[in-house]
Amino acid sequence: MEKYNLVIVGGGPAGLAAAISAYDKGERNMIILEREPKLGGILNQCIHNGFGLHTFNEELTGPEYAQRYIDEVKKRNIKYLLNTTVINVSDKKEIKALSEDGLLNIEAKAIILSCGCRERPRGGINIAGARCAGIYSAGTAQKLVNIEGYMPGKEVVILGSGDIGLIMARRMIFEGAKVKAVVELMPYSSGLNRNIVQCLNDFNIPLMFSHTVVDIKGKKRVESVVIAEVDERLNPKMETCQEIKCDTLLLSVGLLPENELARGASVDLSRITRGAIVDDQLMTSIPGIFECGNVLHVHDLVDYVSEEAKEAGEKAYEYIYSSKDESYEKTLIKTENGVRYTVPELIIKNDDYNPLTLKLRVGNVYKKVKLEVSCDGDVIYSRMRPVVAPGEMEKIDLKSEQVEKLRKATEIKVYLRSQE
Amino acid sequence: MFDVLIIGSGIIGTTIARELSKYNANILVLEKENDVSCGTTKANSGIVHAGFDAVPGTLKAKFNVLGAKMFPELAKELEFPYKKNGAFVLSFTKEGLSNLEKLLERGKTNGVENLSIITGDEVRSIEPNVSTEVEYALYAKDSGIVSPYEMCIAFAENAVTNGVKFEFLKKVTNIIKNNDYLTVECEDGSKYDSKVVINCAGVYSDEINNYVSKEKYKITARKGEYCLLDKEFSYITKTTLFQLPTKMGKGILVAPSTHSNILVGPTALDIQDKDDTDTSYFGLKEAWDKALLTVPTLPKGGIITQFSGLRPHLDTDDYVIEFSKDVKGLYNCIGIESPGLASSPAIAIYVANEIKDYLNLSKKDNFISHRYAIKAIRNMNDAELIAAINENKDYGHVVCRCEVVSEAEIREAIRRNPGAKDLDGVKRRVRAGMGRCQMGFCTPKIMQILHEELNIPLEEITKKGDGSNLLEGRIKE
Amino acid sequence: MREFICINCPLGCQLKVDDSDLNNIKVTGNTCKRGERYGIDEVLNPKRMVTSSVVVLNGKENVVSVKTKEAIPKGLIFESLELLKNTKVEAPVNIGDIIIKNVLNTGVDFVATRNVERN
């Protein structure tokens, strides 16, 4: 059994940033375990630009953004293993990993889970039809094109207007494919506006809101898809069916935290985010196990992932060197009136009044609303938002005096207040 | 000249092939797809029915009860996933009790053991997620579950070990009668002579017979649609949950699979196209809505995939397992629908016996009865993992993260005989891609391994055989 | 008056661009200087950064990702992609390596955005 103070599961943007910050705090006894043959995670296949404006104040592509962090990790000589898959994490903080070198059993004082998310597959949205070749999640297609250098198809329909779907629409066009339509179930896009402009509008790709795919046709390979408009309850109106010829259907219908390791460690999971329920130290219900990045909740921007992971690295460091018997009561943040979840979900009742950021997502598009936080009925934070949408994560930056109120409160609520 | 030619390599064809491989005979299996278990066998409920459902006196009843009892032993011998998990037939009304009693009596007549009727509360004490609407249930403790495609592959592999030849992509288009043998013609122009031809062609078994026999059959393809839930929801039930058939038709089951997924289905719809295994919006909805009667808390978000399969249904509602009356040497297995899977081992013994007598075959003295499953890292303890990786480093490379499948397992799936030739073949053998991401992450990796093992360009790698290519070529071309 | 969504950053500001006088274009709705520049460019000479990939010879990977170092005129996107089709680079490739110099006389280079080691 090997021993480390800190084990970081996943060497993508979250794991890299967490490792660097733990190192910079002073931790030297740690290791990153990465299942792929390269550090950098999914960023390696995100070759489009738009990363790093917050972090580096310049616009980078995914691999460039990743490389900056990889270089920092290497500069610090932080130990990492590639091609190493963690297959189990226990609630005693024992880790089991496999690689070509054999079985690795590790005992850790603290663990940061930073293993990202996966794409919701076709089955997850119950699309009926043929089970033929030519149906890919957008990320799989992205890997085939950008890493392997192969084209998954020539005539494409995309279901879902998440960012990867939008990015892939343009990418397929750039490689000579036709993108016939992007079909979105909701009346709004879950992707960023800028991507709708530069990936669809620039190339006159139709974006059809309130539509879904109701049938896929094709014996061996996709030959066409049937789409239909949906009603307010999102049920397809079958009289509106239309068939679109294509050989490929790409799905960009949501990302789900890869929470299997957390579940194996008996970590309490959120029913909304499907990631762990964490306190404001980013610690899960198992003391010493932390989460950050897309395994915790799906972010829109890698810059925010890096920011969150940096914090996780620091908190894990503090945990390792603190007297571990202190345990505080925690208050669960209640989300109401349009707010789906917050991260963190739990606020520790202690006297650390350093500024704190709450991240949250709303459940629908709302215009002219106030985003508010109340403690025992008193509004401690209120900010006007011209528009909030499910596709864009909101952040609430709380100052020391607000944090003090938060920590002392017995009831905390985060909600939207309509201004109409 | 072959002694025996078997048309079709579903569960009936492969169990018969393996049973006949115990004898000194020259045996060939012809399959129209590129792999075994590509038809009805791969897409059904995977239930080893106890045998209380079939009408006493029918072949269905006879072979079901005999066959089901053979599973525990066979699963050990051929190392395929099987579990005796028990089944409930649920009645949602008090009046249903009399129907349950009729089923119980029928079961007893058929020779099924360990049947009892219990109350709804007793059901829920075993399976707490069962609806509070359930009043009574028939409890069949001997009902089991099996992984049907893995079972079929196990039988096929063992048949090959014992000398049976398999040829794939051989769609039979005609059978010609000769004096004392039959000639089987395939779409690709190839011809095979054999003393005996066994028709195990599933939904096409009528057409195979009708090519040469004056006694015509008509198979109706009856489609059943299913939803499959993530293993995360395996807590929903460990026991197979049937609904008591009502005048509204046969109910929908909620059952665990041998790999801890939850299976919901099947619907029943007669269709024309025997290759049509598409799911439909309304079919999936029907399966789901009816399953909610059994388990009202079924989580729709837990569905990871849907599929459908076709039952080869005869109007007589029973199997035809006999020599053709007018074509010498033609042996028919027609209309083998549920409980066909449970019946298959018993059917195989019966058929093999008939063929042995007909051809006067002698027993082999070097029959190898045991087949070893591909070692799976997800079933290994620490010592086994260390030993496996030591012996072959590919065991340390996890390719499918959801089902924890190593590169070594995938390579072996391709190298076995009959081996996997495409993504679906790999998936059925070692479960890579069967999990919650449904091949999202491992598709490119498995394609690469298939490319290396089969020594064919990546563009020629398919999902399920010819025409189902995954790539359109390289970029920048 | 024309309306645009700024694509410079994920905020996606809704810009209103008064282009009644092309010598004095007024941009409102932006939250930063880059937004103003974008609004003006979008009227006079819309530009986009182009990201794609090129084939690598003798590398550990088949392809390497590339970008135009700066945005190029929107109308040249497909022509610039054609150039990439006919380009093959020898590994190793490092981030920042110039793949094609002065793309279509724009003064902007295609540069590599990933490291690819030699096989």
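**Exercise 1.** Find which strands of chain A helix α3 lies across, and at what angle the helix runs to β10(A).

*Solution.* The model is predicted: local features need pLDDT of at least 70, side-chain atom pairs count only at pLDDT 80 or more, and totals for chains, interfaces and linings use all residues. Residues are numbered from 1 along each chain as its sequence is written, while chains are lettered from A and ligands numbered from 1 in the order in which they are written.

Step 1. Locate the elements, which are DSSP runs numbered from the N terminus (helices: H or I, at least four residues; strands: E, at least two). Helix α3 of chain A covers residues 138-148.

Step 2. Helix α3 lies across β10, β12 and β18 of chain A.

Step 3. The angle to β10(A) is about 90°. Axes are lines fitted to C-alpha atoms, for helices over the stretch in contact (C-beta atoms, placed from the backbone, within 7 Å); angles run from 0 to 180 degrees between N-to-C directions.

**Exercise 2.** Give the strand order of the five-stranded open sheet of chain A and explain why β10 and β14 stand at the edges.

*Solution.* Step 1. The order is β10-β18-β12-β13-β14, with parallel pairing; two strands pair if DSSP finds at least two bridges between them.

Step 2. β10 (135-137) and β14 (207-208) of chain A each have a single partner strand, so one side of each is left without a neighbour in the sheet.

Step 3. Within the sheet, β12 (residues 155-159) and β18 (residues 248-251) of chain A are joined by four bridges in the parallel sense. A:L159 has A:L251 in β18(A) as its bridge partner.

**Exercise 3.** Describe the three-stranded open sheet of chain A.

*Solution.* Step 1. Its order is β22-β24-β27, and the pairing is antiparallel.

Step 2. β22 (339-343) and β27 (394-398) of chain A pair on one side only.

Step 3. On average, neighbouring strands are turned by 25° against each other, direction ignored.

Step 4. Five antiparallel bridges link β24 (residues 356-362) of chain A to β27(A), where A:I396 stands opposite A:L358.

**Exercise 4.** State how many residues of chains A and B are in contact, and which strands pair across the two chains.

*Solution.* Step 1. Contacts involve 41 residues of chain B and 42 residues of chain A.

Step 2. Elements of chain B that each supply at least two residues to this side include α7 (281-294), β18 (303-314) and β23 (473-474).

Step 3. β11 (residues 150-151) of chain A and β23(B) pair in the antiparallel sense over two bridges. A:M151 stands opposite B:G473.
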